[in-house]
Amino acid sequence: MQIEKTAPVMVTGATGYVAGWLVKRLLEEGLTVHAPVRDPENAGKLKYLNEIAASTPGQIRFFRADLLDQGSYAEAMEGCAIVFHTASPFVIDVKDPQRDLDLTPQQVMNLLRLQLRELALGSRMVWDCVTCYQCQEHCPQGVEVADILYELRNEAVRRLPPLKPRAQCPAEAQREA
Ligand code: SF4
């Protein structure tokens, strides 16, 4: 995909896991990324993105916006050549978190406190967390729940076996011949 590098690009949901990798890639290419976030003053939530920006040729700019607030993305979108829309509203009214989540974030934190890292790594929550930061922003103990889950996911990814090369399908081989 060819991207015009002189204009900024907007990435919604930039603090999320998938978008975080996308932002990293764009910054490495030297692009200016406009990142609309709920709270641009929240340094803790933006530290990963700022660290990436500091070590790459690209630049990142944060804008205040909320997915459910109509028109709030206009400022961030101004002048952008492309919009990567990865943000999504999420459900917070869960009737039975134990059933839906397997282990809750609090239980994963407890496993880590008990030095049961392998059990924590094997929990579904590591993959289901959408890094919305709700728990981290409201934790009365200041536990950086979202960041910890993020790190666990990175560790789980590092442990995945390398992908095998995809077998070429006959139609593809014919096209290349
Ligand atoms: S950041 Fe916290 S509240 Fe948000 S999805 Fe992950 S564990 Fe749940």
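Among contacts in this chain between residues at least 6 apart in sequence, 63% join residues at least 24 apart; two residues are in contact if their C-beta atoms, placed from the backbone, lie within 7 Å. The model is a predicted one: local features need pLDDT of at least 70, side-chain atom pairs count only at pLDDT 80 or more, and totals for chains, interfaces and linings use all residues. Residues are numbered from 1 along each chain as its sequence is written.

Let me turn to the overall organisation. The chain has ten helices and four strands, taken as DSSP runs numbered from the N terminus (helices H or I, at least four residues; strands E, at least two). Domain 1 covers 9-85 and domain 2 covers 97-159, with bounds from an automatic or database domain assignment. Their centres, taken over C-alpha atoms, are 24 Å apart. Four residues of domain 1 are in contact with five residues of domain 2.

The largest nonpolar core has 20 residues. Such a core is a set of buried Ala, Val, Leu, Ile, Met, Phe, Trp, Tyr and Cys residues joined through C-beta atoms within 7 Å, and a residue is buried if 20 or more other C-beta atoms, placed from the backbone, lie within 10 Å of its own. Strands E1, E2 and E3 and helices H1 and H2 each supply at least two residues of this core, and H1 gives the most, with four. Val11 is among the residues with the most contacts inside the core. Beyond its neighbours within four places in sequence, Val11 has contacts that include Leu22, Val33 and Phe84.

Terms used. A residue is buried if 20 or more other C-beta atoms lie within 10 Å of its own, exposed if 12 or fewer, and partly exposed in between; C-beta atoms are placed from the backbone.
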